[in-house]
Amino acid sequence: MTDALSGKSCTPCRGGVPPLTRQEAETYASQTPDWRLSPDADGIERRFRFGNFRDAFAFVRQVSDLAESEGHHPDIAFGWGYATISLQTRKIKGLHENDFIMAAKIDRLFAARAET
């Protein structure tokens, strides 16, 4: 993760913007190495591990608050000991810089949890 991405804010995407090319997505993905680029390069995903359900839920709540403040909402699945977060800009049916900004910010949230 780089501070360059996590220091940015998501910008509104109103459609009509082309999604990132595979090469552009791979360049951004190198800055968020724990996230997996989908085979079609139209989304990214990361699975986070926790010691119990409560910690997974607390993290999901933090991600929810972040998503609201950034105006960029991931798909989230969670259960006992895990949370899987998927990002894609639906309006363009692919990836945008915003997805990688959110990934970096989510990584920062997760790292902060590990420090406490």
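This is a predicted model: local features need pLDDT of at least 70, side-chain atom pairs count only at pLDDT 80 or more; totals for chains, interfaces and linings use all residues.
View 1. Strand 3 (residues 75-79) and strand 4 (residues 82-87) run in the antiparallel sense and pair over five bridges. Two residues lie between the strands of this hairpin, where Gly 81 adopts a positive phi near 85 degrees.

**View 2. Lining of the largest pocket.** The largest pocket holds about 230 Å³ of space, and 13 residues line it, with Cys 13, Gly 71, His 72, Thr 89 and Lys 91 lying nearest its centre. By residue class, the lining comprises three nonpolar, seven polar and three charged residues.

**View 3. Salt bridge of Glu 26 and Arg 22 within helix 2.** The closest N and O atoms of Glu 26 and Arg 22 are 3.7 Å apart in this salt bridge, and the two residues are separated by about one helical turn because they stand four residues apart in helix 2 (residues 22-29). Glu 26 is partly exposed, at a relative accessible area of 41%, and Arg 22 is likewise partly exposed, at 39%.

**View 4. Salt bridge of Asp 107 and Arg 46.** The side chains of Asp 107 and Arg 46 meet at 2.5 Å, N to O, and this pair links distant parts of the chain, with Asp 107 in helix 4 (residues 97-115) and Arg 46 in strand 2 (residues 44-49), 61 residues apart. Asp 107 counts as buried at 6% relative accessibility, as does Arg 46 at 12%.

**View 5. Salt bridge of Lys 105 and Glu 70.** Lys 105 and Glu 70 form a salt bridge whose closest N and O atoms are 3.2 Å apart; Lys 105 lies in helix 4 and Glu 70 in helix 3 (residues 53-70), so the pair ties together parts that are 35 residues apart in sequence. Both Lys 105 and Glu 70 are buried.

How values were computed:
Residues are numbered from 1 along each chain as its sequence is written. Side-chain values use heavy atoms; hydrogens and water are left out. Two strands pair if DSSP finds at least two bridges between them. On a 1 Å grid over the protein atoms alone, a cavity is a set of points where a 1.4 Å probe fits but cannot get out, and a pocket is an open set with protein on both sides within 12 Å along at least five of seven lines; lining residues have an atom within 4 Å of a point. Grid points are joined across faces, edges and corners, and a volume is the space filled by probe spheres set on the points. Ala, Val, Leu, Ile, Met, Phe, Trp, Tyr, Cys and Pro count as nonpolar, Asp, Glu, Lys and Arg as charged, and the others, Gly among them, as polar. A salt bridge is a side-chain nitrogen of Lys or Arg within 4 Å of a carboxyl oxygen of Asp or Glu. Buried means under 20% relative accessible area, exposed over 50%, partly exposed in between (1.4 Å probe, protein chains only).
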